[in-house]
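The entries follow the order in which I went through them.

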Amino acid sequence: MTEKKADYQKGRAWIELDMTALRYNIEELKKLLPKDCLIMPAVKANAYGHGAILIAKKLNRLGIKSLCVACVDEGMELRQNGIEGEILILGYTHPYRFPLLHKYRLTQSVIDYKYARLLNDYGKKLDVHLKIDTGMHRLGERSENTNLILKIFQLENLNISGIYTHLCVSDGSSAKDIQYTTAQADAFNDVLCQIRNNGFNCPKIHLQASYGVLNYPELSGDYARIGIALYGVLSEKEYGCAAKLRPVLSIKARVVCVKDLFKGESVGYGLEYTTKKNSKIAVISIGYADGYPRSLSCGIGDVLISGLHAPIVGRICMDQIIVDISDIYNVKAGDVAVIIGKSGNNEITVYDIAEKTNSITNEVLSRLGTRLERIIVNGGE
Ligand SMILES: *Cc1c(COP(=O)(O)O)cnc(C)c1O
């Protein structure tokens, strides 16, 4: 029934969101964390392609009041759509845009001491979380620079409500990875001790992302910044998982044209594919501009129609793909092709696409285009 509604609303290519899966994933992940550690979902990159506003609204309704995004624009978009609670910007904001932090009550990450001074010089009180670099060597003031970190606490315009670090090999299981992660946690705890020993109140702490929660539940703080796992997948399939998760997203697209080809005729740009026998093909309205990777061209990828695999023939175009349906009975224009998700007894997962394109699910999902419409098919209330 819900599927019919989805069909009716969406013409060309669309994402279906199963919010009961989202809710279920949250409950599963909560089981791994102590009661007093709250989930702070990462809804950056349009909620990993799922649609930030729909996802954030659902999270708010589920009582989640802290979110993180990558940049000020993402934070603004959430506020403009009525999202409540704390919104932490994980990345850099240019000083020219500091007024937006104030206007939209966004919490900025302090990426080093110098940046803290810039934020302070803006002159109005700003909410911030302090980022500490404990070994990833991306953003954050270096954990060894205790003096600078303590000086940040003395800046009068910064309301430091949180302090955090990011683990860079918490997905690894080698002895080296475990040792490195433990060292990162130790360096972070040393910083926290120094803050307390110097008479400052220690703000809320957080250091785990998805893999931190799954592999190092004991490292929990006040928050866990969970992204990919919330959406019901991990970055790669072979990682074992302590939690049973359910994918939130499926992608569907319309069969817009069906035609017969004679043996020896070619298909698409570059005439890359030539039929070996009389064949039937279908044109489907989704392409690389929608984030469907072009490297799935020429039989690498496939879609599901009526529960059966239809291989992609020829090159993927910007807005369309062509598939071979010679072995699928009675396909007609208007039918729905499953790009990611289940159809009959078969399923194409985002892992399949990540593997075939030599990438990770995070990249495949976060690149899904804005042109895809997002609709809730389950658990919308
Ligand atoms: C993206 C991001 C997260 C979420 O990571 P997942 O692995 O998707 O859970 C957490 N923290 C920081 C700093 C991030 O950039």
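This is a predicted model: local features need pLDDT of at least 70, side-chain atom pairs count only at pLDDT 80 or more; totals for chains, interfaces and linings use all residues.

I then looked up the geometry of the pair: the axes of helix 8, residues 146-153, and helix 9, residues 175-197, come within 10 Å and cross at roughly 50°. That angle makes helix 8 oblique to helix 9, and I noted the crossing of the two as right-handed.

I turned to helix 2, residues 19-32, and helix 4, residues 52-61, whose axes come within 11 Å and cross at roughly 55°. Helix 2 and helix 4 are therefore oblique to each other, and helix 2 passes helix 4 in a right-handed crossing. Here I listed Met 19, Leu 22 and Ile 26 on the helix 2 side, and Leu 54, Ile 55, Lys 58 and Leu 59 on the helix 4 side, as the residues that make the contact. By type, the contact of helix 2 with helix 4 divides into 6 nonpolar residues and 1 charged, with no polar residue.

How many cavities of 30 Å³ or more does the model hold? The count came to 2, and I took them in order of volume.

For the largest cavity I wrote down a volume of about 50 Å³. I found its lining to consist of Ile 251, Ile 286, Asp 290, Gly 291, Tyr 292, Pro 293, Ile 340, Ile 353, Val 364, Leu 368 and Leu 372. Of the residues lining the largest cavity, 9 are nonpolar, 1 is polar and 1 is charged.

The second largest cavity has a volume of about 40 Å³, and I recorded Lys 131, Ile 132, Asp 133, Thr 134, Met 136, His 137, Arg 138, Leu 139, Thr 165 and His 166 as its lining. Which element gives the largest share of the lining of this second largest cavity? I traced that share, 3 residues, to strand 6, which spans residues 126-133. The lining of the second largest cavity divides into 3 nonpolar, 4 polar and 3 charged residues, a division I set down beside the 9 nonpolar, 1 polar and 1 charged of the largest cavity.

Key
Residues are numbered from 1 along each chain as its sequence is written. Side-chain values use heavy atoms; hydrogens and water are left out. Axes are lines fitted to C-alpha atoms, for helices over the stretch in contact, and angles run from 0 to 180 degrees between N-to-C directions. Helices (H or I, at least four residues) and strands (E, at least two) are DSSP runs, numbered from the N terminus. Angles under 35 degrees count as roughly parallel, over 145 as roughly antiparallel, 65 to 115 as roughly perpendicular and the rest as oblique. A crossing is left-handed if the near helix is turned anticlockwise from the far one by less than a right angle, and right-handed if clockwise. On a 1 Å grid over the protein atoms alone, a cavity is a set of points where a 1.4 Å probe fits but cannot get out, and a pocket is an open set with protein on both sides within 12 Å along at least five of seven lines; lining residues have an atom within 4 Å of a point. Grid points are joined across faces, edges and corners, and a volume is the space filled by probe spheres set on the points. Ala, Val, Leu, Ile, Met, Phe, Trp, Tyr, Cys and Pro count as nonpolar, Asp, Glu, Lys and Arg as charged, and the others, Gly among them, as polar. Contact means heavy atoms within 4.5 Å.
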